[in-house]
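Subject: Structure for you to look at

Hi,

Here is the structure I promised you. Have a look around first, then read on for what turned up.

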Amino acid sequence: MDCSLLRSLINRYCAGEENWVDSRTIYIGHREPPSGTDAYIPQRYPDNRIVSSKYTFWNFVPKNLFEQFRRIANFYFLIIFLVQLIIDTPTSPVTSGLPLFFVITVTAVKQGYEDWLRHKADNAVNQCPVHIIQHGKVVRKQSRKLRVGDIVLVKEDETFPCDLIFLSSSREDGTCFVTTASLDGESSHKTYFAVQDTKAFHTEQEVDTINATIECEQPQSDLYKFVGRINIYQGQDEPIARPLGSENLLLRGATLKNTEHIFAVVIYTGMETKMALNYQSKSQKRSAVEKSMNTYLIVYLCILISKAVINTAMKYVWQSDPNRDEPFYNQKTDSERQRNTLLKVITDFLAFMVLFNYIIPVSMYVTVEMQKFLGSYFITWDDDMFDSELGEGAVVNTSDLNEELGQIEYVFTDKTGTLTENSMEFIECCVDGHVYVPDAICNGQILTGTVGMDMIDSSPGAGGQEREELFFRALCLCHTVQVKEEESVDGIKKGLQPCGKSSSVYISSSPDEVALVEGMKRLGFTYLRLKDNHMEILNRDDDIERFELMEVLTFDSVRRRMSVIVKSSTGEYYLFCKGADSSIFPRVIKGKVDQVRARVEHNAVEGLRTLCVAYKTLAQDEYESVCKQLNTAKLALNDRDKKLAEAFDVIERDLILLGATAVEDRLQDKAADTIESLHKAGMKVWVLTGDKMETAAATCYACRLFHRNTQILELTTKRTEEQSLHDALFDLSKTVLRHCGSLTRDTLSGLSHDVPDYGLIIDGATLSSVMKPTEEGSSGNYKEIFLEICRNCSAVLCCRMAPLQKAQIVKMIKTSKEHPITLAIGDGANDVSMILEAHVGIGIMGKEGRQAARNSDYAIPKFKHLKKMLLVHGHYYYIRISELVQYFFYKNVCFIFPQFLYQFFCGFSQQPLYDTAYLTLYNISFTSLPILLYSLIEQHVNMDILKRDPSLYRDIAKNSLLRWRIFIYWTLLGLFDAVVFFFGAYFLFDNTSFTSNGQMFGNWTFGTLVFTVMVFTVTLKLALDTQYWTWINHFVIWGSLLFYVVFSLLWGGIIWPFLNYQRMYYVFMQMLSSGPAWLGIILLITISLIPDLLKKVICRQLWPTSAERIQAKRQCLSVEPSTIFMLSQTSSNISF
Amino acid sequence: MASSYNAKEEDGQLSGAAGSGGVGAAKSKKPDNTAFKQQRLPAWQPILTAGTVLPAFFVIGLIFIPIGIGLLVTSNNIKEFESDVFMYYGLSNFYQNHRRYVKSRDDSQLNGDKSSLTNPSKECEPYRTSDSKPIAPCGAIANSLFNDTLTLYYINPNGTESVVPLIKKGIAWWTDKNVKFRNPGGSNSNLTAVFQGTSKPVNWRKPVYELDTDPENNGFINEDFIVWMRTAALPTFRKLYRLIEKKNNMIPTLQRGNYTLEITYNYPVRRFDGRKRMILSTISWMGGKNPFLGIAYITVGSVCFFLGVVLLIVHHKYGNRNNSAEIPN
């Protein structure tokens, strides 16, 4: 990927500055335009090769190694290894080389395999045959040989090989259907339109005669944005220019559906296609635990360096006496004598570094990675998070953040599709104040009489009838729903027609529209299809009405409305507009605004989603001017969106209000329970929605984000109209702070039910003015006050949010002074920005496509699964990894500190205390598996209890298990243990024999004794920490100890022929044959374990955490059943 | 140690509940419902509370104190020369554990490897070759072999001195003597011929094949040499020199009286401020005299007992309060 990008860049710049232009010009079929037209600067384009692989065969080794050693830890180990190779160091290079080699090889093999798969996939794609038109004939070519300007033929169910401009289709109307499932996950069919002037070219020969050029922008990554222009030359006339938009652009990766074949011209190829430009990797998120781990690493690096410095200094002080430096019995070689002093000092320093380097073990990284990678499987496997309806469970996109799930302080959630089902159901409509409720059950008849269950007005007059039908027609016409007629059920199916006439399915990217069209069907107006640009409606009298679809003014979230312009069979032009009430009412000049508004507000309070419908008739000349406006806007190459928005604004004016609709979006299962749990767990839940305030507030009440006794603070445009923003903010903060000042202590202690808690409602407009820096520079103040208010509110609702604003809010909270850990959860494309912004992004596998799920760190099927994800998995992962990190540092302090102490007794000569095999294997095999397995399966509290009692989550908030205090405790414990091991062995060895045959032990026995005590202590310390003993724990803990003993027996039991030293021969056995050694080992293990045990017990007794209280309670309850039963169970368990 | 045990049998139940919803296509993607994958493996969940740890402390105390007393008594009884007596020489301020020293040896040469005999390891520098002939045994350790001779005389009551018989067999590890150290060319070859072409270590007076007249104790398998080659852990150390065996049960090995120690002084220690010692000691089952272990056991035992009492108090004073405080919740 890099290569070809680089190549294209080089091409661009080497070819000369003037060649780099903002737009590109493409000759369709490589046909030169007639002379006399503007001379275009020829540009070079890349070929259509897709390169997603990172490496080639020959650059794999160097490039991969380079990539791996860019990680600071690997680089550190490499340096240590090189130092060992270069200078004469106490330990053999194998001790650090072997683990490093192992890690590097495993990673390289994994990455190589992945890259090989990518190569295979690339090749399959690049060599896949495509049909192109050359000289009026269809020619097969490999996909990678496609060039910009080629005309290609794509058949049904084929995937587009590159980005194409749609020229013509086998369908009469010049449309084609496309599914972009592999691009954005939306499996619904989208309609694309051929260029108007070329859609008549149906055969290869005809297409080959097209003489046109396309001007378009250079490739950019936004999938939904494209501006271009096609100039069609016919004879010697001035070319006809037509606008090209994203509706003409067929994207690579999308698949042609329901269309026999199409012709299209290549405009972007290879790595310049929008799909390739969207390959960009997501920014790396790092968890709080990882950050603390890195801090600790730096501390340990400092310890390491200071140890080495101290020892080097001591060494030169000590050996200033020549008899110590070079006694007669231990002379140096000549070369050693002649060495420069400075060089000697550096060598000594490095040698000490190498001797102590195990304090930062390579295996910690491996273990942490493995823990994260393997641990994340528990999320995927979790049965409780499996949704049988979707047939999918949770998905882990990154395992780096598992433990962050246990640290969440703020939850930002989307409303639609996240808190609610996003399966819309048409509830009612209101025409001029008459309310229509369709029968809940469709009985297969034409439903003429389902009117007026809840009459507000008196009976509708004759005009009323007409208005009512117009309203229904409006809803039937003003939408972008497609009808899918076949039975196949890929994608999201909605409202399979139950009445059995034809099995057609409505498909739309917006579920609201489907609900509306279906609602209309139940009220007697059935939208049949869009045929030849005519929309067909089956009305109540079973007649088919046809409307010609003239223009669609598509929906966008800024305008919050859409319109269509249709021409009825009688030749009248209508503009139907539907949209949010706030965007319709200001544009209405006629109609029963007040009644409709009342009904809309009523429905909004009920939590229904409301839309208003309005129309106007257009005269012929009006229509033409509208067309002209639209076309000029569409033709613009620059600022097209802005110009279009202006045109829409002019067109959608002076409307006549028809009525309003109400659609229900049901709450997701257990949404309220989940929110309540999150609250109890100490998290602040914010709902960020684009919906209107009343609807959103109703949903919030329904899902218990706000309680009845929640005091709602409003910060909305309505309020800021009355009062300046400044005053409003200060008022609110006064209200909030007055209470909180007196009650801080209670709120801290958690469950404070009597305290009136606050909920804040803010809307997008107000929020942006809060965040906007003002001239006086007091913006910081506003932001601070706002944050202060938010901090004291248990729930915040932000409504009328634009997608980008959601991300802004997340960022604002994230960067506020406490740096809280944030989580964003959402299901739609509009949530992607906040999902990417938050520390942890969770996607719901929703109905609005999979974009959120794909961009998230974790994807879950339903909102309710968040509860288990955070309260159980997050909690577990956090306690597991924090123990893992602390324990790793602890055990390496235990490991290395005796070596440091030994230097004081061996003349600072860097003599290692332990044998090479022990040095190498300590972290790799003797003590690695117990902690890895512990960090995979430890459960201090039962998961049902964690779920039942969310307040336990507060125990681990704020990275509490990796605080400095705890880190220092572990380090001191490690130091204490190391001192016990070393001096215990020292006094045992002190100038006496401790065998029964009077023979003496040497330095290797000394080291082995220390090492044995250490391996046992460190493993038993973990055993003391383990609170969940499955057979696996028993197996690895006792198995590791057994393995150590067996290994030592074997290692010392044979004269190893490949070793040039036999220093460990029978050392271990001789040690075990001595009684005092056994007694000493037992004694030292006991001494090292007692302080930690004591601390644990005392802390539990005097300052229990809530988890410990729960454990105690459980114990009290379960002590009742007979002990004998429990014992028998235990023994059976162990024997498992 | 009290514990609660919860074998979870909900597994089957759970799968039934969740599985009932989507059987058809969903089934393929549905995760397996094993206890391991659902993190519901049956487990023993011990809790370390004051109540449960208390007995452990008392037990440790009760076990350790007697052991400590036993050890101390054994250690203090050692000075009576009733049984076999072991004769050690001790050196202080001698860094046998210096890295340059420790590695300066060639184990394969010592194991009888012929090629290593003529071409010793580089680690032996600067004691690798002498007069361009390879040194056997090479290296600093071998070169600095302790070469004082100690002889012990008993002064009979009548004034005459009689030599105390010192046995030099059994002072090295059996495995060292029989496996790790081998003379080149097997056990019954002519050592002088085998070591032809090698040079003696520079500090030695005589070559390695003249260390002893006994062929079983000559060359590399000389026990004094083997003992020296096992480098000591600390700069002050002692090494086993000779054994004095008990002759009969009636009289002590070394009877009460005056002794003379004659030292053939070869080994210089003044240059590095070292000191030499000779130690006579009997050995119990727990080795030589070392009160450390006994004292340590008694101390740890007592501390554990004391902690047990402290925990008992804590448990009674605070334990009930805790429980009563949270049961209403």
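Before we get to the helices, one definition: a helix axis here is a line fitted to C-alpha atoms over the stretch in contact, and the angle between two axes runs from 0 to 180 degrees between N-to-C directions. Also keep in mind that this is a predicted model.

Start with two helices in chain A, α17 (residues 620-635) and α18 (residues 640-651): their axes come within 8 Å and cross at roughly 165 degrees. Angles over 145 degrees count as roughly antiparallel, so α17(A) is roughly antiparallel to α18(A). Their crossing is left-handed. On the α17(A) side, the contact is made by V626(A), Q629(A), L630(A), A633(A), K634(A) and L635(A). From α18(A) come R640(A), K643(A), L644(A), A647(A), F648(A), V650(A) and I651(A). Sorted by class, that contact has 9 nonpolar, 1 polar and 3 charged residues.

Now try a second pair in chain A. Helix α19 (residues 671-680) packs with helix α28 (residues 865-903) at an angle of about 25 degrees, and their axes are 8 Å apart. Under 35 degrees counts as roughly parallel, so that is the word for α19(A) and α28(A). This crossing is left-handed too. Here D673(A), T674(A), S677(A) and L678(A) of α19(A) meet L866(A), K867(A), L870(A) and L871(A) of α28(A). The class count for this contact is 4 nonpolar, 2 polar and 2 charged residues.

In soluble globular proteins, nonpolar side chains tend to be buried together. The largest nonpolar core in this model has 189 residues, and F1011(A) and W228(B) have the most contacts inside it.

What does W228(B) touch, if you skip residues up to four places away in sequence? Among its partners are Y89(B), L91(B), F94(B), Y101(B), I141(B), F146(B), F237(B) and Y267(B), and the list also includes Q96(B), S144(B) and K239(B).

Finally, chain B as a whole. It has 11 helices and 10 strands, and 50% of its 329 residues are buried. Of the contacts in chain B between residues at least 6 apart in sequence, 78% join residues at least 24 apart.

Happy exploring!

Definitions and conventions. Residues numbered from 1 in each chain as written. Chains lettered and ligands numbered in written order. Predicted model: local features only at pLDDT ≥ 70, side-chain atom pairs only at ≥ 80, totals over all residues. Heavy atoms only, no water. Helix = DSSP H or I, 4+ residues; strand = E, 2+ residues; numbered from the N terminus. Parallel < 35°, antiparallel > 145°, perpendicular 65-115°, else oblique. Left-handed = near helix turned anticlockwise from the far one by under 90°. Contact = heavy atoms within 4.5 Å. Nonpolar A, V, L, I, M, F, W, Y, C, P; charged D, E, K, R; others polar. Core = buried A, V, L, I, M, F, W, Y, C linked by side-chain atoms within 4.5 Å. Buried < 20%, exposed > 50% of the residue type's maximum accessible area, 1.4 Å probe, protein only.
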